Amino acid sequence: VAADGLFSLEEGGGSEFGAAVMGEFGGGADSPIGFRVDVAYIFDPEILIFRGNVIYTFMTSAESKFHPYLLGTGGYVTNTDFDGGDFLAGAGAGFNIMMTNSSITPFVEAAFLNQFADGTSVQMVDARLGVKIGTGGN
């Protein structure tokens, strides 16, 4: 789960805020590559952002509290009536903050998103601050 901030990079653009839920699988000690699906609900205007992500987590020492990662993402953005939407693609980076003897992992990430809207592109940054639950130290 995460708090979500969407910041427009367009002239006269603004910022919107919401929340996201996600499911992550793969990756770990055997492979640095994992996958995540997520949906974000932005409060005003009411929009939904569906994303599929490929995550590459850098191998760090066992003592390290910060585990950085890169992500590539693709998805779809629509209003809550589902009466129109656009595809999007992007890339970003973040890091997990490892907690000793805990199944909760705080994380921070930001992704540049390019929304393909009506023959034009709309750029934004999607920033998230959240916690992963039950990750077992990934």
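**Entry 1, the model.** I am working with a predicted model, so I treat everything below as computed from it.

I began with the pairing of E6 (residues 85–97) and E7 (residues 104–117), which run antiparallel and are joined by 10 bridges. Within this pair I looked up Ala93 and found Ala110 in E7 as its bridge partner. The two strands make a hairpin with 6 residues between them, and in its turn Asn101 has a positive phi of about 55°. I then followed E7 to its pairing with E8 (residues 120–133), also antiparallel, where I noted 14 bridges. Here Val108 stands opposite Leu129 of E8, and the hairpin of E7 and E8 has 2 residues between the strands, with Asp118 at a positive phi near 45°.

**Entry 3, the nonpolar patch.** On the surface I found a nonpolar patch with about 700 Å² of accessible area together, made of Phe25, Ile33, Phe35, Val37, Val54, Tyr56, Phe58 and Leu70. Strands E3 and E4 each supply at least two of its residues, and E3 gives the most, with 3.

Asp44, Glu46, Asp81 and Asp83 form a negative surface patch. I looked up Asp44 in particular and placed it in the loop between strand E3 (33–42) and strand E4 (47–57). Asp44 is classed as exposed because its relative accessible area is 64%, which is over 50%.

Terms used: Residues numbered from 1 in each chain as written. Predicted model: local features only at pLDDT ≥ 70, side-chain atom pairs only at ≥ 80, totals over all residues. Heavy atoms only, no water. Patch = residues over 30% accessible without salt bridge, like charges linked within 9 Å, V, L, I, M, F, W, Y side chains within 5 Å. Areas by Shrake-Rupley, 256 points an atom, 1.4 Å probe, with all protein chains shown as cover. Salt bridge = Lys/Arg side-chain N within 4 Å of Asp/Glu carboxyl O. Lys, Arg positive; Asp, Glu negative; His and termini not counted. Charge placed at Lys NZ, Arg CZ, Asp CG, Glu CD. Helix = DSSP H or I, 4+ residues; strand = E, 2+ residues; numbered from the N terminus. Buried < 20%, exposed > 50% of the residue type's maximum accessible area, 1.4 Å probe, protein only. Pairing = 2+ DSSP bridges.
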